Protein chains: 2
Amino acid sequence: MSGSTGKTWRLLVVGGDAAGMTAASHVRRADPGADIVVVERGNHTSYSMCGIPYLVGGEVDDADALVVRTPEEFREQSMTVHMRTEALSADPAARTVHLRDLESGEERDEPYDALLIATGAHPFTPDVEGLETFGHVVHTLDEGEALRRHLDERAVAGGPAVRDAAVVGGGYIGMEIAEALVRRGVDAVLIDRAAQVMNKALDPDMAAHVERALRDFGVKLRLGEDLKVVTGSGGRATEVTTSAGTYPADVVILAAGSRPNAALAESAGCALGGTGAVVVDAQMRTSVEGVWAAGDVVESRDLVAGLRRNVQLGTHANKQGKVAAIDLLAARHGGRGAAAFPGVVGTAVTKVCDWEIGRTGLHEGDAREAGVAYAATAFDTTARAGYMADAGVVHVKMLAEERTGRVLGCQLVGSGNVAKRIDVAAVWCQLGVTVQQAQLLDLSYAPPFGGVWDLLQVAARKLTHDLGLSPQL
Amino acid sequence: MSGSTGKTWRLLVVGGDAAGMTAASHVRRADPGADIVVVERGNHTSYSMCGIPYLVGGEVDDADALVVRTPEEFREQSMTVHMRTEALSADPAARTVHLRDLESGEERDEPYDALLIATGAHPFTPDVEGLETFGHVVHTLDEGEALRRHLDERAVAGGPAVRDAAVVGGGYIGMEIAEALVRRGVDAVLIDRAAQVMNKALDPDMAAHVERALRDFGVKLRLGEDLKVVTGSGGRATEVTTSAGTYPADVVILAAGSRPNAALAESAGCALGGTGAVVVDAQMRTSVEGVWAAGDVVESRDLVAGLRRNVQLGTHANKQGKVAAIDLLAARHGGRGAAAFPGVVGTAVTKVCDWEIGRTGLHEGDAREAGVAYAATAFDTTARAGYMADAGVVHVKMLAEERTGRVLGCQLVGSGNVAKRIDVAAVWCQLGVTVQQAQLLDLSYAPPFGGVWDLLQVAARKLTHDLGLSPQL
């Protein structure tokens, strides 16, 4: 029993990964008397989804290494955790969620005082014959493990059962998986209908550098090709056919993006946005009283473009889970949580075949779409001082708003140690720093880390010139 | 002939390195008719002073690689460049500088319309018997070359002439030189009277990590020891004696910090600050009309502590040279330059024995000195996700102001790829970002680059908690 009402207050969390378990843990710490019930469809709680490609590739040995906390550990913190349990619908008037136990098939209603929907996203499956039947997805840890087991299988003759693979989708996960496959000795084709990899993250000129790295590493790129059919036999894929050719494929991995799992929220009457994700305010409240949402299932405010996006990243899910927890605790007493999720600028990094990639804010495609008048600069430089051994190469691109000089976005692709440098530009984007300001900031310098003008400041100087802004250093 | 006055306008630049040549080049581009005269005491223009330890260590093969532009290249841009020429005094009433040709000994007066004093700094030599006679300094490229030649010498018996070295001063340059010596097979002791290395840059707890790295690499640390005497024979050092012992030393390298070369500015009547450096405004004007100063010779505003410091770094010198050039061109027509040097926050990075070190803002010593009420947090984390191979270790320390939560400073020491991450904290310090704000910024995440909470944001969260500020994520 806890709280001022005299009856036990119950938080029901649907979804046992980053957003959900961060919220549950925060509430546990803040209120030892709260009744916390977690419902998770899969076999794992709190794991690193971003680590799955490294599990597939073998750089991470054991799936358990990716699990931050097990259901048992949460139970030891006096939470009720129902694994392999799906939430089918919610009734906010009755304050219940209708559940199904996926093992027994039993259904029941679970009451709540506060409901947090942290249902995440599901892989998007293009409507292609054979894809649903023969395609692997690697969205959950269970699926990652299944793929890893499949790749570990040996053929009767003794060699690996999987020799050829097709990866569908040239985004972060698709590239990382394709690299992991080649690293394991599998022949991999990477198929994307777009004419470039990472088309949501990078402009074509920047993506070209990544494509070169992938090709050099041995990934066969099939860009601008539409997947037409996946052929298989005996329950296994044998080949894929695109608009341009047919490729052998003992395994087909689908990484064509994800869509928010908004059905539960929709059943509760929560407003969805244009992206299909749940609309929330800065405290992660949905449009329905007593219902919060956080993580991959929600829309976030894009602070640069001024629109809403569904961004699926663990880093946001963690923060949003905390913000939701703080607010739902405050709401028990009619208050509002002190924390506000400010929004996103679209920062992301990855590593592809020893090339580091960082991006933040708007790329040219985004800027055109958002109708922002901008200038862009792109150039090559070194990751260390030019006279140092292994100076490396960094391809730099930056965008700034025409009239104001506000930094709109940045893309870095480098053979050196550059990905985390994107965070500096991310802060500029988020705080509205202009290129005029940026060029005079006190950033660090030493020969092992670059030239005397930091590469981001070189970009800011170029843009200041190109836009005719003052002062021009 | 140029300008509205009908007579040729002459810029006289004293000092041919970063600040001076950046300014000269900018004026050259902006006004092809200007008469530009550069006076430099040494044999080189525009070189990377920070690259000298890498020249000594052999990672950079040739001193020429460190030269960005030679005197000849500047002459080709219609500048008059007098090498090996010293400026002894300035007479702002007559608008002349009194020069001495260091080769011929001849002296003369050189007239100017605008004077830029970019005379840099000189190594500080403690008053220790034998040090002046037997100590090497490595402040200029000439001196770096001389040391390199000395180390390259062979003994009559065939082995290296230099087997034992003593480095005096445990700052950036001292550590880098000591490492370079050990890399070359020389036995090196590093002597500092302070009980720690990098006492101006790092707190003792953070310096301890660097000291361990140096010791593991083979540098013998003699901290808390006062140098008493340098003994030599035949014009060469043989040993050094400190308050604690006597150490063999075929070569003694002095890296005990530098002092601004403010004598010329002083002769012109320019006000000097408490640091002994030249006081300038945001346009790099000195207190004397027609005289500007930039680079290692000036004081800069410390934006975090609110006081003035003499910070000697090429990155500031370059920016200040530009700002001065913009202003002295504007001043020809009675105007003021559009550029303003905003000040510094004390950002610096270095690499010591594969450990990366970054710092910005105030350390605890600085904060106490500045009388700022602060909280500090220090913890260890990994450079990559904990489950990745070679996750590395990063020691993190951050300071925030008590009442406001403003980020005051940050120190990072890591075995991974961390130094340039300091720039994010540097921007926070410079823009007055609070720990409450910082924890919710959209920074990048991927397993090869850290955990789902960026390490700087972990620090910001801890400080928010420790200071009892809101919201506490």
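Q: How do you know that the copies meet through the same surface?
A: In this predicted model, 100% of the interface residues of chain B are also interface residues in chain A, so the copies meet through the same surface. The contact takes 57 residues from chain B and 57 residues from chain A.

Q: What makes up the side of chain B that touches chain A?
A: Among the contributors, α9, β21 (348-352) and α11 (422-431) of chain B each supply at least two residues. The element that gives the most is α11(B), with 7 residues. By residue class, this side of chain B divides into 37 nonpolar, 12 polar and 8 charged residues.

Q: Why are the two copies said to be related as by a two-fold rotation axis?
A: Chain B is superposed on chain A by a rotation of 180° with 0.0 Å of shift along its axis, and the RMSD is 0.0 Å. The two copies are therefore related as by a two-fold rotation axis. Of the residues of chain B, Val424(B) comes closest to this axis, with its C-alpha at 2.5 Å.

Q: What makes α1(B) and α9(B) a packed pair, and at what angle do they pack?
A: Helix α1 (residues 18-30) of chain B and helix α9 (residues 314-331) of chain B have axes 7 Å apart and pack at an angle of about 35°. The crossing of α1(B) past α9(B) is right-handed. Residues of α1(B), including Gly20(B), Ala23(B) and Val27(B), meet residues of α9(B), including Ala317(B), Gly321(B) and Ala324(B). The residues of this contact divide into 9 nonpolar, 7 polar and 1 charged.

Q: Which residues touch the most other members of the largest nonpolar core?
A: They are Leu116(A) and Leu116(B), in a core of 334 residues. Not counting residues up to four places away in sequence, Leu116(B) touches Leu11(B), Val13(B), Gly20(B), Ala23(B), Trp292(B), Ala294(B), Ala324(B) and Leu328(B). Among these, Gly20(B) and Ala23(B) of α1(B) and Ala324(B) of α9(B) also take part in the contact of the two helices.

Q: Why is Arg95(B) called partly exposed?
A: A residue is partly exposed if its count falls between the exposed limit of 12 or fewer and the buried limit of 20 or more. Arg95(B) has 19 other C-beta atoms within 10 Å, and is therefore partly exposed. Arg95(B) lies in the loop between β4 (85-91) and β5 (96-101) of chain B, and its phi, near 55°, is positive although the residue is not glycine.

Q: What makes Gly130(B) count as partly exposed?
A: With 19 C-beta neighbours inside 10 Å, Gly130(B) counts as partly exposed, because a buried residue needs 20 or more. Gly130(B) is in the loop between β8 (121-123) and α4 (131-134) of chain B. Not counting residues up to four places away in sequence, Gly130(B) touches Val229(B), Val230(B), Thr231(B) and Gly232(B).

Note on methods. Residues are numbered from 1 along each chain as its sequence is written. Chains are lettered from A and ligands numbered from 1 in the order in which they are written. This is a predicted model: local features need pLDDT of at least 70, side-chain atom pairs count only at pLDDT 80 or more; totals for chains, interfaces and linings use all residues. Axes are lines fitted to C-alpha atoms, for helices over the stretch in contact, and angles run from 0 to 180 degrees between N-to-C directions. Helices (H or I, at least four residues) and strands (E, at least two) are DSSP runs, numbered from the N terminus. A crossing is left-handed if the near helix is turned anticlockwise from the far one by less than a right angle, and right-handed if clockwise. Two residues are in contact if their C-beta atoms, placed from the backbone, lie within 7 Å. Ala, Val, Leu, Ile, Met, Phe, Trp, Tyr, Cys and Pro count as nonpolar, Asp, Glu, Lys and Arg as charged, and the others, Gly among them, as polar. A nonpolar core is a set of buried Ala, Val, Leu, Ile, Met, Phe, Trp, Tyr and Cys residues joined through C-beta atoms within 7 Å. Copies are superposed by least squares on the C-alpha atoms of residues with pLDDT of at least 70 in both.
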